[in-house]
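Please go through the model below with this report at hand.

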Amino acid sequence: MNGKVLIGILIPFIGTALGAGMVFFLKKDMSDRLKKALLGFAAGVMIAASVWSLLIPAIEMAEGQGTSPWLPAAGGFLLGMGFLLLLDTITPHLHVGGEAEGPKSTFKKSTMLVLAVTLHNIPEGMAVGVAFAGMMAGNAPISLSAALALSIGIAIQNFPEGAIISMPLKSAGLPRARAFRSGALSGIVEPIAAALTILLAEIAVPVLPCLLAFAAGAMIYVVVEELIPESQSGAHSNIGTIGVAIGFALMMVLDVALG
């Protein structure tokens, strides 16, 4: 694994850490409007990344291998959705952005929120790993710039996730430094998942199209199950919708411009 790839898989973790660092600058919890805007923005980024950085390259790579382009894309996508559904079913956790109820349960629910975001960072790390594995394989329609665009896009959407974790923990009574560490460390699974995916993909190049689509399915599951519902619940749902539009457009521009 060369230096550029190592930096690329670390970028999403940096985004999470920067978001968690907001605990040192914001004196109060985020407002509902800001939280909904950030959740919507993150959803838009992940939708665009799933299409331009994962599904389209999966289809193009399958065509280059002489196989039916829709089969690995559709199959991998459904497997990714199913995998996250199974993970959510067997692992109890709070939804991203879920609110704690009552002072006695605040810390426990904040801890469960850390678990929720940590679990959902795994497919994002896999997506980055698959993108860089495709770039390293040489026969995939993924350039270094495109892989970096995906990393940067995921880092952008990780920023609000880091803040959404660290701020409630501070409100639950944790010192700012500990709240920051908890928020930042929720993202450490991303470079680990990316590195493991790269290692596995290097010995399984023929199934890279399926892996790309699998990562897309997992990311879309997070969007549909977590981010969109939370951004649309209660009042100010239009702010979440605007966030989705801005996030989608930004990630699309990043991928097309750098890819």
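The report starts with the basis of the model and then moves to its parts.

## Basis

This is a predicted model, in which local features need pLDDT of at least 70, side-chain atom pairs count only at pLDDT 80 or more, and totals for chains, interfaces and linings use all residues. Residues are numbered from 1 along each chain as its sequence is written, and side-chain values use heavy atoms, with hydrogens and water left out.

## Overall fold

The protein has 9 helices and 0 strands. Helices (H or I, at least four residues) and strands (E, at least two) are DSSP runs, numbered from the N terminus. The order of elements is α-α-α-α-α-α-α-α-α.

Of the 259 residues, 50% are buried. Buried means under 20% relative accessible area, exposed over 50%, and partly exposed in between, with a 1.4 Å probe and protein chains only. The protein exposes about 11200 Å², and carbon and sulfur atoms supply 72% of that area. Accessible areas come from the Shrake-Rupley method with a 1.4 Å probe; for residues, only the protein chains shown count as cover. Take the contacts between residues at least 6 apart in sequence: 84% of them join residues at least 24 apart. Contact means heavy atoms within 4.5 Å.

## Nonpolar cores

A nonpolar core is a set of buried Ala, Val, Leu, Ile, Met, Phe, Trp, Tyr and Cys residues joined through side-chain atoms within 4.5 Å. The largest one has 50 residues. I9, L54, L150 and L227 have the most contacts inside it. At least two residues of this core come from each of α1 (3-20), α2 (32-64), α3 (70-90), α4 (103-137), α5 (144-171), α7 (189-202), α8 (208-232) and α9 (237-258). The largest share, 13 residues, is from α2.

A second, separate core has 7 residues. I165, L169, L174 and A179 are among them.

## Helix α1

α1 has 18 residues, which should span 26 Å at 1.5 Å a residue; its end C-alpha atoms are 26 Å apart, so the two agree. The expected span of a helix is 1.5 Å times one less than its number of residues.

A kink of about 35 degrees lies at I11, shortly before the proline P12. The bend at a residue is the angle between axes fitted to the seven residues ending there and the seven starting there. Both I11 and P12 are buried. Other buried residues of α1 include V5, G8, I9 and F13.

α2 has 33 residues and reaches 47 Å from its first C-alpha to its last, close to the expected 48 Å. It bends by about 30 degrees at S50. Just after α2, G66 takes a positive phi of about 80 degrees.

α8 has 25 residues and reaches 35 Å, close to the expected 36 Å. Its bend is about 35 degrees, at V223. Because 18 of its 25 residues are buried, α8 is largely enclosed by the rest of the structure. Just after α8, G234 has a positive phi of about 70 degrees.

## Two residues in context

Q157 is in α5. Its relative accessibility is 0%, so it counts as buried. Its side chain makes a polar contact of 2.9 Å with that of N158. A polar contact is a pair of N or O atoms within 3.5 Å; within protein, one must be able to donate a hydrogen and the other to accept it, and residues adjacent in sequence count only if both atoms are side-chain atoms. Not counting residues up to four places away in sequence, Q157 touches A42, V45, M46 and E124.

V189 belongs to α7. V189 and L119 are 70 residues apart in sequence and 8.3 Å apart in space, C-alpha to C-alpha. Not counting residues up to four places away in sequence, V189 touches T118, N121 and I122.
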